[in-house]
Amino acid sequence: MNRVMTNKNNISSIPVVAASYLGPSLMPNLDAAWDESKLPLSPDDLVLKIMGQPLRRAGRFIKLVCCGALACLKNVPAEDLKDKKIGIFLATGLGNVDEILPFITQVFKHEGGFPSPNQFANSVSNAAAFFLAKVSEIKGVVLTVSQEELSFESSLWLAQSYLESGEIDLALVGGCDVFTPTVADYRERMDLKPDNHRFMPMGEGSSWLLIGKTSGKKIGNILAIRLDHNKKTERSSNENILSENEMIANTLIGMHSKQKILLPGFRLTDTDHLFFTGKGWKVEDYLPHCGIHPTATAYGLARALLCCPSAFLVHCNYYATGRRALVAAVTE
Amino acid sequence: MTQSHIDIRGWGAVTTLGWSARESAKNLLTGKVLAGDFCTSSHLINRELKAYEISYAGNPLEKAWAMIDSALTEAFSQAKLTAAEIAESCLLVGTTGGLFIRNEYEFTEIVRQNPGKESPPIACRNRGPGEVADAIAGKYGINGMIMTFSMACVSSSHALVVASQLLEQEKIRRAIVVGFEPLLNLTLQGFASLLLYDDEQCRPFCANRSGMQIGEASAAVILERNDLFVKDENNTELDSKGYRGVEEGATQAYMTIRRGAADVANKDSRMKTTRYRFAGGYLFNDNNSLTSAGVDGELAGNVIGHTLTAAEISPAEIVAIKAHGTGTRDNDLSEGRGLTRVFGDNLPPVVSLKGAIGHTLGAAGAVETALWLSCLEEGMLPKSFGFTQIDPDLGFAPSQVNIPAKDGAYLFTFFGFGGTCTSYIVIKE
């Protein structure tokens, strides 16, 4: 069993109740300009705008997690969330490096430093999920999942499992990674080499989906999440991706009239837009808006769910070591 | 008692007590336990913090990999997993530090090789918590889903519970759950900065306790659905090596061949009579406090109560409790009072393993489960180390003698940073 599908029949549909995307410009749900050399930007104005008060004791990672997730929840009427069991699934590839680095720098400081206990507390891997649970008043299933650049897809798959089990009614699933101060370190940490990614600036983001049972409005459906192992030699040729996407489209939406859109993850190096256009697919490259970061998939999916009406979406991404993730969705 | 669908097919561990779960259990049961001590590893810069350090001749990065490999090798061997079964398995890893040790080791090596020069700032080059799972999957050819839980002290206990839930849902057929934490300056200094470190000794549930002590360890626990087995002509489950991974859609001829081979294996399996089932897994996150589960014990009691209810097990059926028992005031009060709320005056034997192996943080779930299972295999439950005096706020003493490990239900509890709670039951039969 080297392939994990959405369920035993490989087909499932989870309503997407709301979505929100936040990139390096720190302007929620907007494609605003940004410059890698000026990153990271201070999130304090955003915190005030979304949360109404500063989060003085938290670092950027925690702030972005909370702002991104709350921006998503704010799109849903409060009565639609009342008495619902909501689970939080926070995906991050690199975690809260903005808290870890200053702490460990103090620990290793020449002739001794004074590491801050507050910084250590915030550097613990699940501190951000705790803060989010607290500000959103969610208890129960709160998970921090990490699997490099497939962290978000893994979280989405896990969230879907929890929804199917009935343990939760709604899942708040998001991906957050923050800009690492040194671009060289950032690229090394993501194992970016000339032949294994599309050339783009490094970015960051906190993008979220609220999925699950709803009696209210929805913006789309997640149709399938596929995570499997793929030999590197079978990777990302345009023909292979098209063939797979067509198969998924035929299985999941049949003859329904939808604009078919491919969302290429940053590991797809040579996506030929003309080739796909000629076959009836639009290629939506979201990376210029968010830059490369491990959970960029969350940004791409959330943005497409909000901005591409009446569309069939397939997000395709690969692990550097050969694993593959496909997420298929439709919008209203 | 509920009918669990999940067997524990194998396990392995490396602790300060030994380079296998079996060796660790034997040393634990015979009292060959050393208290936490000052550390000697080249990457650790503070020599005044006592911890449970695994002896190793090579460098700390090599040791980290040796720990992982040793635990997995023991688990695969005990489970008699074939290469095909390993390949089709899913891998869930629980770790907080991941391979952060690489940053610390490389930095200290640079400093060591440049005596007298001012230290450069430390660089962060590890690839995040998921790096461990990716490396394990690559090395052992695991092609199933891989996923890492990075949730402080409940990382691998949460991973075990999530694995059990995915197995119950038939989302996966088999899970290899790994817990891994090497000693890091990051965590040693971090807990010291929070004033949660006991400078003398790790003393869970003891009136004289003043904090935790960290230990390093790795472990692997293999969970598998027990109702997907091939059955023979008499509808008897063939529960031995290699006959639990029959692919969906296998042909009748293939099944026949497997059954023929399984007859031989089934005879082997009769030699081993003990079976371990995983039941009642429950995870819960509270949002009241980042660092405490609430010293009134209400939260801990609720989590334990929910676990028992889910497993359809009454408190009276619990043979013994493998408690989290860190030795910090908040943990011991919240957990101890939670246990008292559930069990009242009929508290079964309570054992914390942290007085013997330290707090292995994100690895604790897998490590303590593996070590406990090996003790069950030895037929005895260990005493709780580090205890001398009853805390009047708790009113009970953890188990102070080794006791026979009867068949029945064993309760496991874990509580961690960020309001995280895990609890589950292992049934020996």
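## A hairpin in chain B

Let's start at a turn: in the hairpin of E13(B) and E14(B), three residues sit between the strands, and one residue, B:Gly418, has a positive phi near 85°. Helices and strands here are DSSP runs (H or I of at least four residues for helices, E of at least two for strands), numbered from the N terminus. This is a predicted model, where local features need pLDDT of at least 70 and side-chain atom pairs count only at pLDDT 80 or more, while totals for chains, interfaces and linings use all residues. Residues are numbered from 1 along each chain as its sequence is written, with chains lettered from A and ligands numbered from 1 in the order in which they are written.

E13(B) and strand E14 (residues 420-428) of chain B run antiparallel and are joined by nine bridges; strands count as paired if DSSP finds at least two bridges between them. Across that pairing, B:Phe414 faces B:Thr422 in E14(B). E13(B) has another partner, strand E9 (residues 318-323) of chain B, and those two pair in the parallel sense over four bridges. There, B:Lys322 is opposite B:Phe412 in E13(B).

How many of the nine residues of E13(B) are buried? Eight are, so strand E13 (residues 408-416) is largely enclosed by the rest of the structure. Buried means 20 or more other C-beta atoms within 10 Å of a residue's own, exposed means 12 or fewer, and partly exposed is in between, with C-beta atoms placed from the backbone.

## Two domains in chain B

Chain B splits into domain 1 (6-225) and domain 2 (277-428), with bounds from an automatic or database domain assignment. Their centres, taken over C-alpha atoms, are 20 Å apart. The contact between them takes 65 residues from domain 1 and 54 residues from domain 2, contact meaning C-beta atoms, placed from the backbone, within 7 Å. On the domain 1 side, H6(B) gives the largest share, nine residues.

Just after H2(B), B:Lys80 has a positive phi of about 55°.

## Chain A by itself

Chain A has twelve helices and eleven strands. Of its 332 residues, 55% are buried.

One residue to look up is A:Ser25, in the loop between strand E2 (14-20) and helix H1 (44-51) of chain A. A:Ser25 is partly exposed, with 18 other C-beta atoms within 10 Å. Its C-alpha atom is 8.6 Å from that of A:His289, 264 residues away along the chain.

## Where the chains meet

Now for the two chains together: 51 residues of chain A are in contact with 52 residues of chain B. On the chain A side, H4(A) gives the largest share, seven residues. That side divides into 25 nonpolar, 18 polar and eight charged residues. Nonpolar covers Ala, Val, Leu, Ile, Met, Phe, Trp, Tyr, Cys and Pro, charged covers Asp, Glu, Lys and Arg, and the others, Gly among them, are polar.

Strands also pair between the chains: E4(A) and strand E5 (residues 146-149) of chain B run antiparallel over two bridges. In that pairing, A:Val145 is opposite B:Phe149 in E5(B).
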